[in-house]
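Good morning, and thank you for coming. Please look at the structure on the screen while I go through the contacts between its chains.

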Amino acid sequence: MIRSRTGGPGVARALRPAEWPRLALMAPATALLIAMVAVPVAMLAWFSLLSGPGVSGAVTGREWAVMLDRPQLYGGLLLRSLALGLGATALCILIAWPTAWALSRHVAPRTRSAILALLIIPHLTSALLLIYAMYVLIAPGGPMMTALAALGLAESRDTILFTRWAVLLMLTYMYLPFMVMALFAAIERIEPTVLDAARSLGASGWARFRHIVLPMTLPGLMTGLVIVFTPAAGSFLEARILGGANGMMFGTLIAEQISRANNQPRAAAMAITLLAVILLLLGVFRLLAMRAFPGAMRRPGAHGSGGWGG
Amino acid sequence: MKAPIALAGLVAGAALLAAPAGADLPFEGQTLTVLNWNGYGSDTELALRGFEERTGATVRHVYHSGGEELRQILRSGGIGQIDVALPNPTYILQMVEEGMLQPVDPDLLDNMSKIAPNFLEVDDLYSDGALYGVPWVWGSTGLTYNTEAFPEPPTSWLVLWDEANRGRVAFMDSPIEAVMLAALHLGQDPHDPDLDAVRSALEELHENVQTYWGSSDDFNRAIITGAVTVGNYWSGNAGSLIAEGHPVGYVIPDEGAAGWLSTWVIVRDAPSSDLAHAWIDWMISTEFQLGWAEDPEAGAPAPANAEAAALLSDAARGRVQAYGEHAERLSIMQSLTPEQQQVYTDLLAEVKSGL
Amino acid sequence: MSGVLWRGWVWLVLALVYLPILALIAMSFNASRYGTFPFEFTLRWYEALAENRRLWEATLRSLWLSLAVAAAAGAIGTMAAVWMSRFGRGGARAMQGLLVTAITVPWLILAIAILLAALWVGVGRGLVTLFLGSLVVAMPYAALVVATRLQGLGPDAGLAARSLGAGPVRAFLLVTLPLIARAVMSGVMLAFVITFNNFPLHFFLAPFGFNTLPMEIYSYVISGYVPDINALSAIILGGAVMLGLAVMGWRRLRGG
């Protein structure tokens, strides 16, 4: 081990004894991230080329050929997953934006923190419990359908359970509080004085929204997009439990490749595809946002301050 | 309220007393790992307590949701961790070939002689003359319908394809059941059908299907509320619904139906082979089989233990659908090759996606 | 725009979020085992739950796993955050990129990637795989929460302590750590709930027989449930909300 203090400045800086505890600080996290995320995800690409069984066999790329051979199935399912993910994200934004705005501007701080906590707490228990609660609510003969039937709005035997709508509803429900959090944090950063100034200069309500509020909440919106769209498009459980005949998603089929079909290479190929498409779409959204509002995405100190997507 | 359970408890207790007094429990402190569906008999208090009292061993469960998943669990690390599993015999041969199982020694099973002989004639239980599967319970996957929607019992699988039932069909989410049913409907050999015809038939059926049910709960709720009016469903579970007074009927259609056995197997490298044998012996005992079948809420299929079957109360007999005449019209499922399994699985997945 | 309307909207959203939960709690007192009407009050599902050892064992298992992962995630995450804020310079950006990427990968895909890699290495499913997998999912949240706090803090306090002669470790323990204690605690709690909640990871990585609570609930829902799962869900959801309210009330009392 070189401990020279006379080497070049770069070497000296890299190898000064005092550096070692510093490296020890970041080593566990880095090792963990590389060993448990970077390497496994990268290896998916290789596994997807194997002939099987399992993660062995020759490199053939057969599973990619099978997938490309049935674009209707695999492409169709992928589109359905993305559509459900985007739909849920859009609904979340539509519901969460006014909620976050109202919380920030029209609710007393004490009540506000209570409401935020109440919104998020159930969603911190277990996704399965929430899916299950939704199942109980919308099941045929359950509370919602019985109430609707009593009002004459539906027959008691009708149900939206086992449809795509149930999956969309569930995905929206699952991620709504997180979108509220993300947007609330962004809206809180808008100084009220800025809006007052704009008003005094004669800007209309729409103009204030379009030119001040929207650009300033854009980083929060992008954060929300990452924490809602990504898991929603990559979900499988909601569709497995609530989706029925028409709610199958790409993720459901990935899970089935592992849990049923014993086709690990195809699972790997599908997982890579889904991940790539999700990341690509996120990139596109970011680009669009930056083009629409140049400068809005570049905030001083964006690093680490909740702007994970920004 | 829980009289049958109490009765079963008494029987089990009596059996315990009959054991040599003062004998140490043979497997004190050991653990047996069972791979089964959730809520399928082996995880009832009757099963767990009874076994614990007899052997001193505790039981833990690993759950799967279908035969494909069962084998997948063994493939991906279950061997060496799991002692016993409960596959459909259809899978046994292939599981033997994949080296997942070890033979069962019938001499270690005191209750083997009580199994109805016809179940022991099933070829799929044996490989190279050695016994691998011990018959436990049996049943059928027949036509189950809502009696309010069908005052006259339907007699043919055709009813599933009937346009009048669009969006009212619940179909079982199982590749082999789906292919066999479509083959029966098409009048083909359920064990070797023309798969293109099967695929078109299932695609046609997909138009009518509201859900591919994966759990008995999906089916139960849907059929008793009328959200679906007809589907293919397990005999024992349908029998429970009928016994509870729900507007539900169950028939074996004219074309026949798939019949199935549930069989206990011992996993290769089972942590304790002796304990595994003791478990299977308890599972096929008259005490357990009767106790399970008599529990009105258990949804048990028909017992393979002839003594237990003969002792069933009339109510329980109806509930578990232990009718010999049904058995004659069933096509008992047969083994599939790995290629067939992959093809069946892909086929149903593609049909289900609706694309 | 009237504030009443805005506030009404907030309460409406809150009510809708609680609708399925209240329905679940209500149905846990309903006698029908298929969750249908007419409603008939019963406590039998709670009695059944009290006798259901499996669900309690699974709950305990989940708690232990989540506690262990949360503790490790808090420690490793805090170390990484300190490194990012103090020494990282250019490396901090790379580290943050890595953390954010880890968060961005959907759990299903990450679970499958880890499972296949573990199979390839020859380890397969197991407690170690499950622990490390859960850790890598939870740790970035803890790290980012602490990093955010440290960034707000600036280096001054720690530097002041060091200029007064404290070693880096002493300076951290005596000055910085108390200042970020609440953030570390938040990070640990976040890691806890994320681990508790992570069904895809449990489903694909847990050793067989190690059923966590989400896995038990899944197998109940998939293979036909008994309504005592209603009772357990009601207890957990109701309990979590009450706990949250109690903590808030306590803070308010304390904060005056």
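This is a predicted model: local features need pLDDT of at least 70, side-chain atom pairs count only at pLDDT 80 or more; totals for chains, interfaces and linings use all residues.

Across the interface of chain A and chain C, the rule finds zero salt bridges. What, then, lies at the interface of chain A and chain C? The contact takes 82 residues from chain A and 83 residues from chain C. The area buried between these two chains is about 7,600 Å², and carbon and sulfur atoms give 82% of it. As for polar contacts, eight residue pairs are counted between chain A and chain C, with both residues at pLDDT 80 or more. Helix H2 of chain A, residues 19-47, gives the most to the side of chain A that touches chain C, namely 17 residues. By class, that side of chain A divides into 58 nonpolar, 21 polar and three charged residues.

I turn now to chain A and chain B. Here, 31 residues of chain A are in contact with 30 residues of chain B. Between them, the two chains bury about 2,700 Å², with 46% of that area on carbon and sulfur atoms. How many salt bridges are counted between chain A and chain B? The count is three. Five residue pairs are in polar contact between chain A and chain B, both residues being at pLDDT 80 or more. On the side of chain A that touches chain B, the elements giving two or more residues are helices H4 (71-106), H6 (127-138), H12 (250-259) and H13 (264-292) of chain A. Of these, H4(A) gives the most, with five residues. By class, this side of chain A has 13 nonpolar, 10 polar and eight charged residues.

Let us take individual salt bridges. One joins the side chains of B:Lys352 and A:Glu256, at 3.2 Å from N to O. This pair crosses between chains, from helix H16 of chain B (residues 338-353), which holds B:Lys352, to helix H12 of chain A, which holds A:Glu256. Are these two residues buried or exposed? B:Lys352 counts as buried, because its relative accessibility of 7% is under the 20% cut-off. A:Glu256 is also buried, with a relative accessible area of 8%.

B:Lys352 has a further partner within chain B: it forms a salt bridge with B:Asp173, the closest N and O atoms being 3.0 Å apart. This pair links distant parts of the chain, 179 residues apart, for B:Asp173 sits in the loop between strand E8 (169-172) and helix H7 (175-186) of chain B, while B:Lys352 is in helix H16 of chain B. B:Asp173 is buried as well, at a relative accessible area of 10%.

B:Arg199 pairs with B:Glu350, and their closest N and O atoms are 2.9 Å apart. B:Arg199 lies in helix H8 of chain B (residues 195-206) and B:Glu350 in helix H16 of chain B, so the pair ties together parts that are 151 residues apart in sequence. B:Arg199 is partly exposed, with a relative accessible area of 24%, whereas B:Glu350 counts as buried at 9% relative accessibility.

Finally, salt bridges that share partners join A:Arg62, A:Glu63, A:Arg266 and B:Asp346 into one network. Over all chains, the count comes to 15 salt bridges.

Notes:
Residues are numbered from 1 along each chain as its sequence is written. Chains are lettered from A and ligands numbered from 1 in the order in which they are written. Side-chain values use heavy atoms; hydrogens and water are left out. Contact means heavy atoms within 4.5 Å. Buried area is the accessible area (1.4 Å probe) that two parts lose on being put together, summed over both. A salt bridge is a side-chain nitrogen of Lys or Arg within 4 Å of a carboxyl oxygen of Asp or Glu. A polar contact is a pair of N or O atoms within 3.5 Å; within protein, one must be able to donate a hydrogen and the other to accept it, and residues adjacent in sequence count only if both atoms are side-chain atoms. Helices (H or I, at least four residues) and strands (E, at least two) are DSSP runs, numbered from the N terminus. Ala, Val, Leu, Ile, Met, Phe, Trp, Tyr, Cys and Pro count as nonpolar, Asp, Glu, Lys and Arg as charged, and the others, Gly among them, as polar. Buried means under 20% relative accessible area, exposed over 50%, partly exposed in between (1.4 Å probe, protein chains only).
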